[in-house]
Structure formats: structure tokens, C-alpha cells
Amino acid sequence: MTDSKYFTTTKKGEIFELKAELNSDKKEKKKEAVKKVIASMTVGKDVSALFPDVVNCMQTDNLELKKLVYLYLMNYAKSQPDMAIMAVNTFVKDCEDPNPLIRALAVRTMGCIRVDKITEYLCEPLRKCLKDEDPYVRKTAAVCVAKLHDINAQLVEDQGFLDTLKDLISDSNPMVVANAVAALSEIAESHPSSNLLDLNPQSINKLLTALNECTEWGQIFILDCLANYTPKDDREAQSICERVTPRLSHANSAVVLSAVKVLMKFMEMLSKDLDYYGTLLKKLAPPLVTLLSAEPELQYVALRNINLIVQKRPEILKHEMKVFFVKYNDPIYVKLEKLDIMIRLASQANIAQVLAELKEYATEVDVDFVRKAVRAIGRCAIKVEQSAERCVSTLLDLIQTKVNYVVQEAIVVIKDIFRKYPNKYESVIATLCENLDSLDEPEARAAMIWIVGEYAERIDNADELLESFLEGFHDESTQVQLQLLTAIVKLFLKKPTETQELVQQVLSLATQDSDNPDLRDRGYIYWRLLSTDPVAAKEVVLAEKPLISEETDLIEPTLLDELICYIGTLASVYHKPPSAFVEGGRGVVHKSLPPRTASSESAESPETAPTGAPPGEQPDVIPAQGDLLGDLLNLDLGPPVSGPPLATSSVQMGAVDLLGGGLDSLIGGTNFVAPPTAAVPANLGAPIGSGLSDLFDLTSGVGTLSGSYVAPKAVGSISMDLQLTNKALQVMTDFAIQFNRNSFGLAPAAPLQVHAPLSPNQTVEISLPLSTVGSVMKMEPLNNLQVAVKNNIDVFYFSTLYPLHILFVEDGKMDRQMFLATWKDIPNENEAQFQIRDCPLNAEAASSKLQSSNIFTVAKRNVEGQDMLYQSLKLTNGIWVLAELRIQPGNPSCTLSLKCRAPEVSQHVYQAYETILKN
């Protein structure tokens, strides 16, 4: 009779009976009772009341009974920790049993009992088992260390189990090696910072030797461990690849994928000129093809991994197109994945085959598959130029079938073909227009509207076609509404006389009757463009479009490199790094491929920037740049306000530069030069970017940073001289100014005073006092200042560079002892040296000139005929800069050494020195 009888009883008072049976003297009765207890536990009954009675049954030589008791113990130890301690003695005893199976069973169960109170009692038996003479016990003990580490990491480290595990990597038995590697990998994953698997050529050699003899799961552990190793050079990489290659012919698909991962990773280090590189490419194809003859679920996993491999190295499978042809009985998920890989492998050599297949697929019954097949034809046209003609005629044949969803997909891809090959296939537009009425999907409708708008001059009744879409404007999806708005504006710009009513109708629908902010904004932009400057509107709306690229769905290179390191894991199926789907991120380490060797660089695989380089540490004096135009775009100034601008911004702009090439491109980058206590002199006539110059001439600053020097106006004050010219046709009033957060907190100290309204073509000069108590944010370059000036017409933005010496303060003189101590204290790597040429000053003249700009000489001495000036200066934000100026009498060049805790300031201090000394 089978054991099923144990699951059929539902008697009452059963626990009492079982208790009696468990304490029976007869071994058979005892065994029967334990089986009944396990059966009850399996179906979810609470039999924890029998804990002491079951534990008493542990004292037995019968292996079957022992296994059952251990099973019960694992289940209930957590809820009965005090009782579980009773079992400890038996564990200790069983760990010294002459039968290795019992020793292993005891150590395995110990690892599964997750009770803190017990763990310390288990250390001694575990230590013995790790050094047991039987490999079966050692391999079980190795895994137990990983389990124990999960319960109490500190205990494992204190007891020295990790060192014992590392020793097991050199064990004579391959299974012990594999389990030791698995345990160390598991522990290392939960503690990424610890260098547990300290792999070196010697330990790698031991792993490769064990690889040939251990079980398939052992091989996977070892291969995964090898994949985390970075060989020291291409020779070592090649030697490892040679020894891993035989695993490609293993029957287990997991072993094959793990081997592929190792080879893909180490191929990065091999030169493409090597014969071995070509051999390896050839060897990689057959195992991947073999994986596709497995059951569908395995095929899918294989295909997702092949998709990554083909993106990284298409040459591996370029001759294997036929294995990706779809079979009639493939499940849909396999079909779609195969289709994707077919397009990636499509080339001039095999395009005829591929197109014939795709045309066949387009007549299938599965709608999703047919859609993807039609899309694939379009993608082939874009990828292989020579096939475009053929693809377009295939798509036209499909449109003639009049199958609704086929027609719609074909129109979507033909739009992309027009974008890739302009003025080549427009003859098909007439055929497309015939199918206008059958389109009911947003993407197809939007594509058709784009085609009508783009080629309106070639379609006689374009206005009627677009008008037919306009009738149900509010029922359309946003995608269609936006496309329709743009298409009608294009039509108006091409045929203004016939379509004036139509454009007014769509603009009012988009702006007045719509709740969608995107649609409204686009409508208003077009409205303003058309009403103020139709020529500009034409340039914007009918601008030549860039050609679309062939592979828009490729995975981004750095992510692809990371995913290659995760071949054969869930990450390779999801095509996402583990950090994206592993909760809590514990044990998730970002992996990357090893750097390519110099000889292996090639045009086919451009070198990606090394990831993980430590970011340059910024000194905490100047916070890093957060959002670029946050404060300026929060310019709801109303009437002019006094005092510095508000520090915080309610507009979170991210790191997007809204003005394209930064603000400099808008106003031809005007610059700002002034001595420490001087006003910024105005210099007019600087070039101003188109757009602003029509309305408002706004200039500040002198040509270049090393330019003219202006004497101080008043001690200790900084001001900015502005010259404003009104180029608009109306009077300007209500002026206000605001600075963006900047490196040194420069801000207006008073409102912008333009006392009388500024008439057209009138110019006014203003001096604006500045303070340094504004918001701070590190700018690039450091002395960049972004300014916004607002008036009744608009807000005008510009950017200017100020010289650093306007920020040197008057209490910048250090005493000699302090100077000496600080110079020694600042690390040598913070020292920067510069040459100042064409400066024929002697030490006295230089010293007094610099002092007038708050650069103070602390000491002076003469060394071998050279005058050495030791100087100090302090910036408004408290940064000290120490300098050594070496002047050789009779030599027009002098050497400047600067030391500072914020070294990025040094370049600008040198420019200040040059500006001051050359006047």
C-alpha cells in the first residue's frame, strides 16, 4: 500500500492518538506515527503540540525515520525555538556518526533551522564537517556556511568559516570546489564590498580543472564565478576561453548559456586580427542554434539572450538566418522574438530570403504576428537601402489585400520609409489616400495625416482630406490631434489662399476648445508664429527633417554591456539590469565588460567610456550645479523688488538647457571685466543673437577676459554697468532684473533703476550695485553669470563671464606663520603653475599693482637672482588662495604658483593676475 493512506484520515482526537504512537516501544509503530505527523503538517494542520514527542524519535539508527524527524524540525523550529534547543545534542552526535549520509543530513538540517539561539551551538559540528574526510559531507557543509552567514554574518566571520571556505576552493573533489564557489558567490553578492572571491590565475586554474568533472549545477556555479574575473591580458583571456569552449556542447542549456556569457565577456579582450577570434565566433553559433530545438519556454529564454548577443556581435549568427524562420506551431511569444532577430540579422546578402518570409507571415491568421511582420518589412527597407524598392512594392501588394489591420500597419511603416528616403517613393501616395476611410487606429490615422500634410503640394484635394479628419477633432486621440494641427499649418504655409478658414478653424479648436496643455501650447505657438512672422513660421514648420536612423530599438551600449554580463539570468530575459527589478537592491552589483585591449579596438564596436570612474570630488565651498535655469525661469517679478533674488526656485527644470547651446549662444557671450572694487565697465556694440536684437539691445562687459583694466569706483563695492537700447516699436517700462544662482552668490543689491520710460531707439546707461549674499550653485565655467531682465514687453536672458578679481576682499592678508602652515597643509596635487608672458615689471611695481586689487604680499625674498613674492588673497565666500610669484629681473615672463583647497578656482585667479599685471 502507498503512503497516500496517511493523507486520508480526518479523525477527531487524532493528536492524542499520535502522541501515544510516537512514544510506542515498537519501531514500526513509531515510524508510522511520524509519517502521519508529516502528512498532517503537509496538508496544513498544526501539529506543533507534538514537538517534544517527535524530537524524542531522533535517537534512531533508521535513516528514513531520521529524515522525517529532521523535516518536521525544520518546519517547526522557528515557532518553538526553546524546544528546538533540545535537538542540539542530537545534531552534535549525528555530526560524528560513522555514516556520512547521516553526518551530511545533520549539517544540512542545521543550516535550515533559522533560529538565532541555536546557531552558536552549531559552529563546532559545522567546523568538523567542513574538514570531514568524506567529500559529500564537505560539500554539504560548504552550503551550510552560506545559510549560516545569512542568519548571522558576524558569527561566521568570527568563527573563521570564510577562510575555511576559501581553502575548499583547492579541494581535491570537484563537487566540493563547486559548492564552495557557490557559497562564496552567494555571500559576496550580499556583501558587494567584501573581496571574498579573491580570484587570481592560480585559483582560476583550479576552478577550470574542477569544471570538467563536476555536475552540471556545479559547472554553472564555476562558470558564473569565472565571468566575474577580469584576466590580466589577452593571452590569459584566450587560455580561459579555450578551456571553457568544450562546455558549449553540454546537454544542459543553463551550462551552455553560462559558457556563452564567459566567452562573450572575454572576447572583448581578444584582438579581432587573431585567428582564434574567428574560430571562437564559429564555435559560438552551433550551440545557440541547438538551443532553438528545445521546448518553447527554453526557446524563448534562448531567443531573448540571442537578441542581446546579436546586438553585440551580429557576426556570430550572420549565416544562421534560416533557424529564425517561424514554424507554424511556434507559440506567439517565440514567433515575435524570432521576427525581431530576423530584422537584426537582415543584410544585403539575405534580404531576398527575409522579404519572401515576411510576406508569407503577413497573410497569417494571428493579428499581432501579422502586424509585427508588416512592421518588419518597413524596418528592412530602412535598414537595407538596396531592398527599399522591393519592400515598398511588397507593402503596396499588402495594401491591395484590403485587410484592415494590414493596411493600417503598412501606412505607419511607409511614413517611416518616406522619412528615410525623401522624394523617392512618393508616387504611392495616391494608393494610400484611397484607403483613408478604413483607418480607425490612432497611429495609422496620425501617419496618414502626416503624409497628407508633408506632401500637400502633390495632393490636389489635401484640404478636403484634412477637413474630413477635422469634423471629429475632439473625439480623436491626442496623437492624431497634434498631427492634424501641424499638417493643417503645413498645408496653409504651402497653399495660403485656399486654406485660411481651415487653419483658423483648427487653431481655435486646439487653443480655445481643448483641455490638453500640449495641444494648446502647440496651437498658440503656431498662432503667434503665423501672426507675427510667416517667414519664420515657414522655416520652423517646413524645415528639412533629419533622416531617421535604421535601428531605433537597439539597447543603449552601456546597458547592453551590462546585460551581456548577465546572460542566462532573469536580467537577460527582461532586458533590464537587476537593479530595475530586484527589490531593495541588496546584493545588486553593476557589472561591465572588461576594457578592450589596444589591439582589439575596431570601427565595428566603438569603445564605450569606462563606467564607474570615481567622480571628481567637489569641494564643499561651491555646491554643484543642480538645475540650470531654475531661478531665471521663475521670473514672476511683478513690480521691481529690492534686495537679492529669492534663493529657492519653484520650477524644477532638471538638467535641461532650455536655450539649446546655453545662454551664450543667445547673446554672443558678452564678458565682464572689473577690478575688485570697480564697476563693470560698459562696452557697446557686442553682437546680439537674432531674435532679441530686434527688440532690445542689451550688452554688458568688455570684449575678453584679459582685456582692459578699470580703476576702482569706491572701495569694497562691486557693480555692473549695463547699457540698454530699445529696439522695439513701443515704449519699455517696468524694468526688473534677476540673476540665476551662481558660483559666488552674486545678486543685485538694489532694483534695476530705469527712471524714465525707454522710448524706441533710446539708450540708457545704468550702474547696478551687486552683493554676494545670493544663492550659490556651481556654474560651468565657474565665473559664468546668467541674467534675466524683464520689462512690460518680455523677459530677456543673457549670460556673461566676470573676472574673479572683483571678488577679492580687503582682509585677504595672512600673517607669515599662518601662510607657511597653510601652504604645507594644502596637498601638493592642489598646486597649479602658470606662465605670465610679456610682463616687464619689477617686484616692487608688481607688488603695489596687485595690492591695489587686494592681492597682498606676505613675504619677499631673493633666491639666486630671482625675486620671490609670497602672496595671499581671499574670495568673498571665504576661499583662501596662496601664491608664489617668481620674477627674474630683465626677463619679461614670470612664473605663478597657486595653492588652494578648491583647485578649480586657480585658473580664474591666474587670469585675474594676468589682467591686473598687464595694465
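**View 1. Contact of helix 16 with helix 17.** In this predicted model, Ser-253, Val-256, Leu-257, Val-260, Leu-263 and Met-267 of helix 16 meet Tyr-277, Leu-280, Leu-281, Leu-284, Pro-287, Leu-288 and Leu-291 of helix 17; contact means heavy atoms within 4.5 Å. By class, this contact has 12 nonpolar, one polar and no charged residues (Ala, Val, Leu, Ile, Met, Phe, Trp, Tyr, Cys and Pro count as nonpolar, Asp, Glu, Lys and Arg as charged, and the others, Gly among them, as polar). Axes are lines fitted to C-alpha atoms, for helices over the stretch in contact, and angles run from 0 to 180 degrees between N-to-C directions. Helices (H or I, at least four residues) and strands (E, at least two) are DSSP runs, numbered from the N terminus.

Residues are numbered from 1 along each chain as its sequence is written, and side-chain values use heavy atoms, with hydrogens and water left out. Local features need pLDDT of at least 70 and side-chain atom pairs count only at pLDDT 80 or more, while totals for chains, interfaces and linings use all residues.

**View 2. Contact of helix 13 with helix 14.** Helix 13 (residues 201–211) packs with helix 14 (residues 216–227) at an angle of about 150 degrees, and the two axes are 10 Å apart. That makes helix 13 roughly antiparallel to helix 14. Helix 13 passes helix 14 in a left-handed crossing. From helix 13, Ile-204, Leu-207, Leu-208, Ala-210 and Leu-211 take part, and they meet Gln-219, Ile-222, Leu-223, Cys-225 and Leu-226 in helix 14. The classes in this contact are nine nonpolar, one polar and no charged residues.

**View 3. The buried side of helix 15.** In helix 15 (residues 234–244), the buried residues are Glu-236, Ala-237, Ile-240, Cys-241 and Val-244; buried means under 20% relative accessible area, exposed over 50%, and partly exposed in between (1.4 Å probe, protein chains only). They cover an arc of only 140 degrees around the axis, which puts them on the same side of helix 15. The arc is that of the directions from the helix axis to the C-beta atoms. What covers these buried residues includes helix 13, helix 14, helix 16 and helix 17.

**View 4. The two sides of helix 1.** Glu-14, Leu-18, Glu-21 and Leu-22 are the buried residues of helix 1 (residues 14–22). Their arc around the axis is only 95 degrees, which puts them on the same side of helix 1. Phe-16 and Ala-20 are exposed on the other side of helix 1. The buried residues pack against helix 2 (27–42) and helix 3 (51–56).

View 5. Most residues other than glycine have a negative phi, and most peptide bonds are trans. Glu-780 and Pro-781 are joined by a cis peptide bond, with omega about -5 degrees. Pro-781 lies in the loop between strand 7 (763–771) and strand 8 (784–790). Asp-734, in the loop between strand 4 (718–726) and strand 5 (736–739), has a positive phi near 50 degrees. Asp-734 is exposed, with a relative accessible area of 53%. Asn-761 is not a glycine either, and its phi is positive at about 65 degrees. The loop between strand 6 (747–748) and strand 7 holds Asn-761, which is exposed at a relative accessible area of 64%.

**View 6. Surroundings of Leu-547.** Leu-547 is in the loop between helix 30 (534–541) and helix 31 (557–564). At 53% relative accessibility, Leu-547 counts as exposed. Lys-420 is 127 residues from Leu-547 in sequence, and their C-alpha atoms are 5.0 Å apart. Not counting residues up to four places away in sequence, Leu-547 touches Arg-419, Lys-420 and Pro-422.

View 7. Helix 35 (residues 843–851) contains Lys-849, which is partly exposed with a relative accessible area of 23%. Its C-alpha atom is separated by 10.0 Å from that of Tyr-913, 64 residues apart along the chain. Leaving aside neighbours within four places in sequence, Lys-849 is in contact with Leu-841, Ile-916, Leu-917 and Asn-919.

Technical notes. Parallel < 35°, antiparallel > 145°, perpendicular 65-115°, else oblique. Left-handed = near helix turned anticlockwise from the far one by under 90°.
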